[in-house]
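Hi,

Here's the structure I said I'd pass on.

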Amino acid sequence: MEKAKLKKELGLFDVFAISTGAMFSSGFFLLPGLASQYTGPSVFLAYLVSGLFILPAMFSIAEIATALPRAGGTYYFLDRSLGPLVGTIGGFGTYLSLVFKTAFAIIGIGAYAAVFWDVPVKAVAVAATMVFMGINLIGAKKTSGLQSFLIIFLLVVLGGFIFEGLYTVFFTERVEGPSVNDHFKPFFTNGIDGVISAAGFVFVSYLGLTKVASVAEEIKNPERNIPMGMLLSLVVTSIIYFLGVFIMVALIEPDKFATELAPAATAAEKLFKWLPGETGTYLMVGAAMAAFASTGNAGLLSSSRYPFAMGRDKLFPAKFSTVGKSGTPFLSILLTTGIILLLILTLSEEGIAKIASAFQLFIFMLINFSVIVFRKSNIESYDPGFKSPLYPWMQIAGIFISLMLIVYMGWMAVLFTLLITIASVLWYYYYAREKVKREGAIFHWFALLGKYQYAELENEFMTILKEKGLREGDPFDETIIRARITSIEKDMDFETLLIKVAETFATEMHVSRETLVNEFLTTSAIEPALIIPEVSILYAKSEGIDHPSLHIVLSSRGIRKPVGKGGISSEDYIRIFFFLVNPSSESRQQLRMLSRLIDIIEREDFVEEIFDHKSHRKIKEYLLHNERYFTLRLLPNTSQADLIGKKLKEVKFPAGVLVALIERDSETFAPNGETLLQEHDVLTLIGDPKVISRLLQEYLIN
């Protein structure tokens with residue numbers, strides 16, 4: 001057992017499966033009838049309205065999650081934006097909301113099982129909870145594997161249900177169309193207020209959409225997979241909710257529908273008359289069981305990450321941040337399982353749904369505000385791969401929608417929200433306050449609160465930026481290839497070196513030498529994260545530069561450079577300098593490239609390795625050193641001999657492959673189309689890893 005990072009195991013389909021599975025349970029199989037009590041036949045419109053209402057929260061969560069992919073999701077976002085007090089409220093509240101939602105879904109397993117078998121609902125729910133606990137203890141990938149299977153089965157059955165239902169309603173005489181069907185009259189039983197009340201009630205159906213944020217740390221390529229997976233999930237779910245509930249309204253008598261706890265099964269019984277026996281109903285019951293299972297499974301996975309994240313941040317006992325041999329936070333999973341069992345045994349279905357929705361609306365209001373805070377804080381290492389559209393109006397609309405729906409939820413739900421808030425405040429002041437020494441990004445926004453800025457917040461975001469790596473389109477490889485390398489054998493002082501490097505950049509890029517010198521000397525809030533023994537990284541931004549440029553200086557003797565950290569000044573002998581210059585408009589791209597450089601210089605024996613390479617080509621290849629490149633030596637009597645004597649433009653390499661460097665007679669240069677390839681040339685090729693792998697099989701590498 002150890003405190004560790006969670007494994008990155010989840011891809012795009014896993015994100016889609018977790019979100020979709022978490023939404024397709026109570027919302028489709030339990031709530032439609034109960035929700036119709038608020039608005040009557042127009043309940044299917046309430047689902048569509050509710051889906052629109054969650055858009056601001058979805059966009060806001062997607063933005064922050066791509067910038068800060070960390071376990072804990074909304075808790076972590078609120079803590080780092082509004083401070084640990086609000087983080088504590090958000091953490092406990094969101095955790096309990098997800099646990100309530102999960103318990104509600106698992107109860108659905110028992111409810112649908114009781115449709116055909118004489119079994120106690122809650123006993124079945126307890127047994128299912130224990131099964132999900134076991135699966136979650138094994139690992140996130142095993143959990144998402146089950147999730148994917150359940151979702152595929154569920155979507156196939158629901159697709160058949162909707163196709164059969166629409167065909168029956170509009171193209172047969174078995175069921176009257178909406179225009180003459182008495183089930184649709186009166187359409188709005190309580191006017192617009194009724195639709196909004198129903199939308200607030202079924203809002204819990206969409207809460208699963210945001211569960212992905214709590215497992216963001218375990219998602220591969222989060223900047224692509226989180227927003228795309230969430231959007232796909234919302235579109236698919238909204239369509240199925242809208243059409244599926246419309247079919248239920250058309251098929252089931254209003255009085256029975258309003259009290260029906262298994263409306264999908266009842267509707268299926270009326271639809272699939274052409275299947276033998278009760279096959280159609282059994283299929284829908286199977287789909288319902290799959291939906292509730294997927295929600296329970298995903299809910300336990302995502303909610304258990306909240307105690308883990310809060311334990312890691314000292315807002316909760318540290319032992320909950322312990323990770324077992326399977327890479328899962330087992331104590332958090334056990335705690336969450338215990339609370340779910342307690343809720344199953346003590347609360348009603350409708351009570352759970354309202355409570356879960358109300359507090360989540362409060363959290364969404366804070367999350368929308370957090371996006372505004374992060375944007376206004378001007379923390380450069382806050383670098384989302386996806387940005388919310390229509391900022392800040394999208395966030396303002398989200399705050400208004402949350403407040404409106406909370407009012408429509410009723411006094412019990414509001415009271416629960418207040419109780420959780422008060423309890424969280426008391427927990428923070430009497431347990432966590434003395435253990436936590438940080439503030440949120442909001443203190444970087446308001447100048448009047450500047451004295452409370454938490455400098456380590458930028459370092460933490462820089463660490464996250466480093467873990468995320470480069471973004472597609474970042475010109476890191478090209479910058480390394482174009483980099484100037486200078487070796488210095490004689491003694492030189494740092495000021496002289498700085499002026500020489502700045503003069504070189506100024507001549508090549510037509511920028512002011514003095515500006516670059518001042519930029520290189522400016523102490524950044526993230527500079528401590530970039531200090532490596534015998535290595536220094538200096539960086540600058542300037543107007544008029546159209547692409548990043550790198551100058552690497554190697555000093556075998558070392559150059560004495562003044563350094564400062566924590567108010568202590570000293571001097572270090574630096575043997576390797578990296579000077580990186582970027583366009584002033586690409587400050588976040590510069591940080592990503594700096595993060596990649598840090599990854600490289602943290603390699604074991606980095607300094608010795610660099611000085612062991614005697615040619616510029618080998619140094620650059622060492623800095624690239626990944627699956628995107630390989631070297632090719634042109635020798636006679638080999639598979640690549642036919643390249644000798646050709647101009648580079650005459651050689652037909654696969655699309656996306658670039659000959660970046662040529663080494664000839666110990667000299668390294670960047671070629672162009674007219675470059676004539678000669679015997680013994682060493683070519684460095686870069687490109688897509690899959691294409692490079694095919695070339696490796698085609699040519700002999702020397």
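**Around Thr237 and helix H11**

Setting aside neighbours within four places in sequence, Thr237 is in contact with Thr20, Met23, Phe24 and Tyr206. Thr237 lies in helix H11 and is buried, with a relative accessible area of 0%. Bear in mind that this is a predicted model.

Two of those partners, Thr20 and Met23, also turn up where H1 meets H11. Helix H1 (residues 12-23) packs against helix H11 (residues 222-251) at an angle of about 35°, and the axes are 8 Å apart. The crossing of H1 past H11 is right-handed. On the H1 side, the contact is made by Leu12, Val15, Phe16, Ser19, Thr20 and Met23; on the H11 side, the residues include Ile226, Met230, Leu234, Thr237 and Tyr241. Sorted by class, the contact has eleven nonpolar, six polar and one charged residues.

Further along, have a look at Ile247, which is also found in helix H11. Is Ile247 buried or exposed? Its relative accessible area is 0%, so Ile247 counts as buried. Not counting residues up to four places away in sequence, Ile247 touches Phe161, Ile162, Gly165, Leu166 and Leu271. For Leu271, 24 residues away along the chain, the C-alpha separation from Ile247 is 9.8 Å.

**Aromatic rings**

The structure holds 31 aromatic pairs. One of them is Phe13 with Phe16, a tilted pair at 5.9 Å centre to centre with 40° between the planes. Both residues lie in helix H1, three residues apart, about one turn of the helix. Phe13 is partly exposed because its relative accessible area is 40%, whereas Phe16 counts as buried at 10%.

Phe187 and Phe188 form an edge-to-face pair, with 4.8 Å centre to centre and 80° between the planes. Phe187 is partly exposed at 27% relative accessibility, and Phe188 is partly exposed at 39%.

There's also a cluster linked by ring pairs: Phe28, Phe29, Tyr47, Phe161, Tyr206, Tyr241 and Phe292.

**The whole chain**

Stepping back, the protein has 28 helices and ten strands. Of its 702 residues, 57% count as buried. Among contacts with a separation of 6 or more, 80% are between residues 24 or more positions apart. The protein exposes about 28900 Å², and carbon and sulfur atoms supply 60% of that area.

Cheers

Technical notes: Residues are numbered from 1 along each chain as its sequence is written. This is a predicted model: local features need pLDDT of at least 70, side-chain atom pairs count only at pLDDT 80 or more; totals for chains, interfaces and linings use all residues. Side-chain values use heavy atoms; hydrogens and water are left out. Axes are lines fitted to C-alpha atoms, for helices over the stretch in contact, and angles run from 0 to 180 degrees between N-to-C directions. Helices (H or I, at least four residues) and strands (E, at least two) are DSSP runs, numbered from the N terminus. A crossing is left-handed if the near helix is turned anticlockwise from the far one by less than a right angle, and right-handed if clockwise. Contact means heavy atoms within 4.5 Å. Ala, Val, Leu, Ile, Met, Phe, Trp, Tyr, Cys and Pro count as nonpolar, Asp, Glu, Lys and Arg as charged, and the others, Gly among them, as polar. Buried means under 20% relative accessible area, exposed over 50%, partly exposed in between (1.4 Å probe, protein chains only). Accessible areas come from the Shrake-Rupley method with a 1.4 Å probe; for residues, only the protein chains shown count as cover. Rings of Phe, Tyr and Trp (its six-membered ring) pair if their centres lie within 6.5 Å; planes under 30 degrees apart count as stacked, over 60 as edge-to-face and the rest as tilted.
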